[in-house]
Amino acid sequence: MTDRAPVPVGRGPATAVDDRRGPVRWPDRRLPRGLHPGAWWLWALGLATAASHTTNPLGLGLLVAVAALVVVRRRGDAPWALAFRMYLVLGAVIVAMRVVFRIVFGGGQGEHVLVRLPEIPLPEWAAGIRLFGPVAAEQLLGGFQDGLRLAAMLVCLGAANALANPKRLLKAVPGALYAVGTAVVVALSVAPQLVESVLRVRRARRLRGAPGRGVRALRGIALPVLADALDRSLALAAAMDSRGYGRTDAVPAGQRAVTGALVLGGLVGVCAGTYGLLDTTGSDHLGLPMLLAGLVVAVAGMLLAGRRVRRSRYRPDRWRPAELLVAGCGVTAAALTVLAGRVAPELLYPPVSPPTWPELTPLLLLAVAAGAAPAWLAPPPPLARPTRPPVPVSAATTDAARPTTSPAPVTGGHR
Amino acid sequence: MSVLRVTPRTALVLVLASAAALATFTWPFFIPAGPETTARTDEAPLVFLVVLPVLVALVLAELSSGGIDSKALAMLGVLAAVNAALRPLGAGTAGIETVFFLLVLAGRVFGPGFGFLLGSTSLFASALLTAGVGPWLPFQMLAASWIGLGAGLLPARLRGRAEIAVLAGYGVLAAYGYGLLMNLWFWPFSVGADTQLSYVAGAPVLENLHRFAVFTAVTSTFGWDTGRAITTAVAIVLAGPAVLTALRRAARRAAFGAPVIFAAPDPPAAPATVPAGDGASRPEPSPSGVATRARSVVAPRGTPT
């Protein structure tokens, strides 16, 4: 993927031609930069919603492929960007688990019996359950499709994890969660320092001639590291105090009462709504609306309470056209899949018995295309270590050399 | 001692949100049978997936609404970092869980509100570090938060060996409880609808409980959960006394409870005074005047804002 390099290859001619007029506008739009994490999450949630609305293995496979494509083309080289493979493995495990559960505990519904495994009836305490028995094709197919749907949703979320910068996401938390968000930021920045602390303590132990391995060494290292971390927290608190962290506006008693009433009232609504949702006798229509209304009221109270937190943002992430496009792609994919389900439900949920070969619908293909568009629409990610192929000095014309020098140090500061 | 003051209003919010959140774990037991049940069993998990993060956010916001002392905030961040660094140590090996031990001890020392926040922030930071953000995260955060909260609510009088014994016992309970809750959450997702281990909509609670018990016994109780319980208990017994001492020393140095008053700015030698109490009688000098900083909003006169 040459496009991941700071200078996309496709841009070369454009800048070369418009060397006088164009270099400000066109390269600006394609400068490597991290997209707003919210845009990636919206896109991924849209894809996950699309995946949740079909069990068609072809469609699900395409959605997973789309997520992988976008990740490969647009991820940076930060540690979290490398976790996508783990999600693929996890998805495979889920599919396998579903199928294995169907084999072991299936109960053997279905006509096309593939094999008959010996049955193992369990003892009295697990009455009514037997292991193995006949294994039907319908059963396996049902387990596979269900598992694949869950795995596809998971992979979509994994794509968001790989693409969105969590540190920038933390900047977008609402004001009421500012304190907790700050604690998480502290945790994220202290965690790497712990490694350095461990190395330092180990080196000090070695200098004193103590062994560097074994259980006693573990104790001798862990406790100083913990004490060091606790001392560091006090120093950090002093630094935060001196920089004005944790300043809050004085809140009038009336406003505090209002926010409290909103939060409490909303929570009572949530409890009642949940009860209504699970109640066997009550009216069905009350549960979900009440639950949602309660949530809205409580969240309104929370946001109101958060307004008293005054904070300034350093380099705030803005929603620019690229962000809107990427998020819109996710929403479009979800909407198209839902629409496809309305038009041809039997193709999006292919029947398990009798087993049929899955087919794609044009709408589903459109949804997949919309999901794949961010691979080209999103700006290339900033890389700390540019992985572009070495450019011969003689061939390095002005159009290639100029942009590389300027964006690299600037974007390096974003992380 | 309690680092974070839990007001009655906060406690009420905590109880209400916990009650609603418990339903998001246990709904398979109670889901009604009916003509529209299939649709509902499809949508119920998704509804709860949306509801729970909001509930967790509400409780966290409410707990921190009184304004967290910057010392408590830094302590929270550092302990969450230690927890997040400990977590991957055990994740690969079957059943070795290294998070709960520090969570229980810190909840014990710093109080229930702090324990609750520490449970959430630890798992959140850990998920961000390992890119493990997903629908399971709010459930894990809440379960870990309950563990920290419970550790803070243990009887305060105990000291010495009795304390370690109680904490280790609580650690075992918490480890099994966490495993049960996580299994319960994942139960509808992991086995699907039509096996003998799946929940049955509309069946009596006892029958579903029975099915769940078999499911959890088959999948994890004897392997993962027991391993987790043993690890937690052993870690508390072995390292507990030393870690408790370190945490208590840090709490004393930070002097969380010491009220801060500003003296008149006229005498230049004494800009701030800590009244006699926990903070004044401590042996070590506080680093760079942390203990004497204001936790209130008002800056002293003459300070540029």
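User: Which residues of chain A does the UniProt annotation "transmembrane region" cover?

Analyst: According to the unreviewed UniProt entry, that annotation covers residues 40–72, 84–105, 176–199, 257–278, 290–309, 321–340 and 360–378 of chain A. UniProt positions are given in the numbering used here, feature names are shortened, and annotations may be inferred rather than shown by experiment. The model is predicted: local features need pLDDT of at least 70, side-chain atom pairs count only at pLDDT 80 or more, and totals for chains, interfaces and linings use all residues. Residues are numbered from 1 along each chain as its sequence is written, with chains lettered from A and ligands numbered from 1 in the order in which they are written.

User: What makes residues 40–72 of chain A count as helix, and how far apart are the end C-alpha atoms?

Analyst: Helices (H or I, at least four residues) and strands (E, at least two) are DSSP runs, numbered from the N terminus. Residues 40–72 of chain A are 88% helix and 0% strand, with the end C-alpha atoms 14 Å apart. For residues 360–378 of chain A the figures are 79% helix, 0% strand and 27 Å.

User: Why is B:A20 called buried?

Analyst: A residue is buried if 20 or more other C-beta atoms lie within 10 Å of its own, exposed if 12 or fewer, and partly exposed in between, with C-beta atoms placed from the backbone. B:A20 has 27 other C-beta atoms within 10 Å, so B:A20 is buried. This residue sits in helix α1 of chain B.

User: What does B:A20 touch, leaving out residues up to four places away in sequence?

Analyst: Two residues are in contact if their C-beta atoms, placed from the backbone, lie within 7 Å. On that basis B:A20 touches A:L267, A:V270, A:C271, A:T274 and B:L55. The C-alpha atoms of B:A20 and B:F48 are separated by 9.9 Å.

User: How many residues does each chain bring to the contact, and what is the class make-up on the side of chain B?

Analyst: Chain B brings 68 residues and chain A 73 residues. On the chain B side, α3(B) gives the most, with 13 residues. That side has 49 nonpolar, 13 polar and 6 charged residues, where Ala, Val, Leu, Ile, Met, Phe, Trp, Tyr, Cys and Pro count as nonpolar, Asp, Glu, Lys and Arg as charged, and the others, Gly among them, as polar.

User: What makes a set of residues a nonpolar core, and where does the largest one lie?

Analyst: A nonpolar core is a set of buried Ala, Val, Leu, Ile, Met, Phe, Trp, Tyr and Cys residues joined through C-beta atoms within 7 Å. The largest has 128 residues, and those with the most contacts inside it are A:A187, B:L58, B:A81 and B:V104. Domain 2 (171–242) and domain 3 (253–306) of chain A both give residues to this core, so it lies between them; the domain bounds come from an automatic or database domain assignment. A second, separate core of 53 residues includes A:L62, A:V71, A:A327 and A:L363.

User: How do you know where confidence in chain A is lowest and highest?

Analyst: By pLDDT, the predictor's confidence in each residue, from 0 to 100. Helix α17 (residues 407–412) of chain A is lowest, at a mean of 37, and helix α4 (residues 57–74) of chain A is highest, at 92. The mean for chain A is 76, and 77% of its residues reach 70 or more. pLDDT stays under 50 over residues 1–28 of chain A and over residues 392–415 of chain A.
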